[in-house]
Amino acid sequence: MNTQLLKTLRFPLAAILAFALVRCSDNQAAVTPAKSSLKTSAADAPATKRQAGPSEDPIPVRLQPVVISRQSRLLQYSGLIASNAEAHLSFKIGGIISKIYVQEGDHVAAGQLLATLDLTEIDAQVQQAAQNVEKSQRDESRLTNLYRDTVASLEQLQNSHTQLTVATEALHIARFNRQYAQIRAATSGIVLQKIANEGEYVAAGAAVLVFNGTDNNDWVVRFGVSDKDWAVLHKGDNANVGIDAYPDHRFSGVITKLAGGADPNNGTYAVEVTVKPAGHKLAPGLFCSLQLQPAAGRSYALIPASALTEGEGLAGFVYTLNEDKRTVRKIPVHIAFFQDDRIAISSGLDSVQEVIADGVGYLTERSIVKVQNVNP
């Protein structure tokens with residue numbers, strides 16, 4: 001019976017054993033790839049960590065000292081060259097213009113006749129005044145003789161003297177008016193503008209020609225400045241003048257006139273700069289640019305222009321080293337003005353002795369730096 005039972009159970013046990021072996025084989029196959037995958041992840045983990053970390057290479061920079069200097073801001077303006085001898089020429093008396101002998105742009109010599117009125121009426125007035133003088137002289141001579149003969153009184157003789165004096169002065173006036181019924185050039189110069197024409201009636205003192213004298217080389221530039229600039233300017237301050245006609249030469253000038261009040265039309269203050277021609281030929285209307293150097297100044301911190309970063313308007317930032325000489329800090333500054341390759345800082349650098357001048361474009365407040373050199 002036992003033998004029969006064993007035969008009966010042989011096939012089920014064999015099947016169970018085979019099934020168990022297959023399951024163990026599957027579990028082994030499943031475990032092996034997992035271990036392989038774990039090893040690969042562990043190998044890759046350090047590389048991933050290294051890529052995410054910050055770079056340890058320091059940024060090379062160069063330093064420049066902050067120089068404290070008393071400076072005045074250069075003021076930039078422009079204008080046109082003119083002569084200080086510019087004049088509006090007119091006749092002393094009214095009348096009809098007979099002849100104008102010049103045109104706009106003509107160069108004239110001192111004493112040259114420029115224009116004249118019709119002298120018919122004026123000459124008649126001179127002749128009339130001369131006749132009155134002759135009559136007064138005859139009257140005085142006759143009364144003098146009568147007074148000697150005690151026929152005429154002293155009062156009559158004195159009245160004749162007065163009449164002669166009045167007639168003589170009237171003749172002087174008539175001759176003077178005739179002289180200034182013509183326009184002559186007082187100095188050599190240029191006719192800038194012709195306002196009236198021949199045949200027109202002009203009143204006494206009405207401008208006929210605009211004239212610019214050039215004999216004394218008293219060339220000037222006139223322009224207006226703002227109230228802030230006017231406050232720091234004074235007579236005698238120097239000016240550097242560039243004239244477009246002479247691009248390779250700079251002219252020296254000086255402020256000779258400074259208005260005491262603003263122009264009501266535009267709110268600016270009139271300034272006149274006298275320019276020294278230094279042997280160069282100048283003419284009215286030449287365009288020029290001016291740099292005004294106020295004598296009064298204040299102390300500014302001067303830094304290289306390359307040290308400024310993130311500038312906007314008159315605000316900007318600079319970098320300086322911390323005490324560890326490896327890290328940096330960012331400082332806000334206020335710009336006063338630019339001067340060549342330097343910047344004048346009005347505030348922000350009171351306790352700073354050096355700024356980073358080269359390499360600022362690569363810096364942030366978390367940067368590590370290496371100083372290449374420190375300029376004395």
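Is Lys-99 buried, exposed or partly exposed? Lys-99 is partly exposed, at a relative accessible area of 35% (buried is under 20%, exposed over 50%, partly exposed in between, with a 1.4 Å probe and protein chains only). A few notes follow, for you to check against the model.

1. Ground rules. This is a predicted model, in which local features need pLDDT of at least 70 and side-chain atom pairs count only at pLDDT 80 or more, while totals for chains, interfaces and linings use all residues. Residues are numbered from 1 along each chain as its sequence is written, and side-chain values use heavy atoms, with hydrogens and water left out.

2. The open sheet. Four strands line up in the order β4-β11-β9-β6, with antiparallel pairing (strands are DSSP E runs of at least two residues, helices H or I runs of at least four, numbered from the N terminus; two strands pair if DSSP finds at least two bridges between them). β4 (86-90) and β6 (107-108) are at the edges with a single partner strand each, so one side of each has no neighbour in the sheet. Further in, β9 (residues 189-194) and β11 (residues 207-213) pair in the antiparallel sense over 5 bridges. As an example to look up, Ile-190 has Asn-212 in β11 as its bridge partner.

3. The helix pair. Helix α2 (residues 120-148) packs on helix α3 (residues 154-179) at an angle of about 160°, their axes 8 Å apart. That makes the two helices α2 and α3 roughly antiparallel (the term covers angles over 145 degrees). By class, their contact has 14 nonpolar, 10 polar and 5 charged residues.

4. Salt bridges across the sequence. The whole structure holds 6 salt bridges (a side-chain nitrogen of Lys or Arg within 4 Å of a carboxyl oxygen of Asp or Glu). Lys-99 pairs with Glu-198, the closest N and O atoms being 3.7 Å apart. Lys-99 sits in strand β5 and Glu-198 in the loop between β9 and β10, so this pair ties together parts 99 residues apart in sequence. Glu-198 is also partly exposed, at 40%. Another salt bridge joins Arg-222 to Glu-272, with closest N and O atoms 2.9 Å apart; here β12 is linked to β15, the two residues being 50 apart. Arg-222 is partly exposed at 40%, whereas Glu-272 is buried at 5%.

5. Within α2. Arg-142 and Asp-139 meet in a salt bridge of 2.9 Å, N to O, and lie 3 residues apart, about one turn of the helix. Arg-142 is partly exposed at 47%, but Asp-139 is buried at 13%. Salt bridges with shared partners join Lys-135, Asp-139 and Arg-142 into one network.

Notes
Axes are lines fitted to C-alpha atoms, for helices over the stretch in contact, and angles run from 0 to 180 degrees between N-to-C directions. Angles under 35 degrees count as roughly parallel, over 145 as roughly antiparallel, 65 to 115 as roughly perpendicular and the rest as oblique. Ala, Val, Leu, Ile, Met, Phe, Trp, Tyr, Cys and Pro count as nonpolar, Asp, Glu, Lys and Arg as charged, and the others, Gly among them, as polar.
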